Amino acid sequence: MLTFVRTGELIQARWDEFDFENAVWEIPAERMKMRKPHIVPLSKQVLSILQEQHALTGQWDWVFPNQVRPKSHMSNNTVLMALRRMGYQGQMTGHGFRAVARTTIREKLRYDSEIIEKQLAHKTSNPLGEAYDRTQFLDDRKTMMQDWSDYVDALASGGKVIVGD
């Protein structure tokens, strides 16, 4: 929910893709739908979650290893089963978090659509623009991702933003 990457990008995340010092996740082109590398700025909340996860799975390549075969990543069904166990079967999918983030960030946090679309790694709607547009809006995206995590925290905790150590 906090990174709103595609489910496949999440379940195949490798520890060597994360730069904790610079608070970014660099997803390689071969795992991206558009076959271009993608940078995901990491909020303080995401960094805290990843540090906790690293204590559990840091000995493997995968951030989310398969429980039976930890030398491979968890399956897409694991995400769906987790949502089912939380009571969201038929209401939410892993991919659905992308739509929630896209809509809410635009409507509630008032970020420009172009910045949100860059974070979603969506293709530019203008075919000529795609050939010449190299913008990343990385500074704006870093701020947006922190604002998004703070917003989700505030909703979950009744208005109090929670940031781990």
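Contact here means heavy atoms within 4.5 Å. The model is a predicted one, and the contacts described below should be read with that in mind.

## Helix α4 and its buried residues

Helix α4 covers residues 96–107, and its twelve residues should span 16 Å at 1.5 Å a residue, which agrees with the 17 Å between its end C-alpha atoms. Within α4, the buried residues are Gly96, Phe97, Arg98, Ala101, Thr104 and Ile105. These buried residues pack against three helices, namely α3 (76–85), α5 (113–119) and α7 (138–156).

An α-helix has 3.6 residues a turn, so residues three or four places apart point the same way.

## The crossing of α4 and α7

The axes of α4 and α7 come within 11 Å and cross at roughly 100 degrees; because angles of 65 to 115 degrees count as roughly perpendicular, the two helices α4 and α7 are described in that way. On the α4 side, Val100, Ala101, Thr104 and Ile105 take part in the contact, where they meet Met144, Trp148 and Tyr151 of α7. Classed by residue type, this contact of α4 with α7 has six nonpolar residues and one polar residue, with no charged residues.

## Histidine 38 in strand β3

Histidine 38 belongs to strand β3, which runs over residues 38–41. With a relative accessible area of 6%, histidine 38 is buried, because the cut-off for a buried residue is under 20%.

A polar atom of the histidine 38 side chain lies 3.0 Å from the backbone oxygen of glutamine 119. Leaving aside residues up to four places away in sequence, histidine 38 touches Trp25, Glu26, Ile27, Met32, Lys118, Gln119, Ala121 and Arg141.

Notes: Residues numbered from 1 in each chain as written. Predicted model: local features only at pLDDT ≥ 70, side-chain atom pairs only at ≥ 80, totals over all residues. Heavy atoms only, no water. Helix = DSSP H or I, 4+ residues; strand = E, 2+ residues; numbered from the N terminus. Expected span 1.5 Å × (residues − 1). Buried < 20%, exposed > 50% of the residue type's maximum accessible area, 1.4 Å probe, protein only. Polar contact = N/O pair within 3.5 Å; in protein donor to acceptor, adjacent residues only side chain to side chain. Axes fitted to C-alpha atoms, helices over the stretch in contact; angles between N-to-C directions. Parallel < 35°, antiparallel > 145°, perpendicular 65-115°, else oblique. Nonpolar A, V, L, I, M, F, W, Y, C, P; charged D, E, K, R; others polar.
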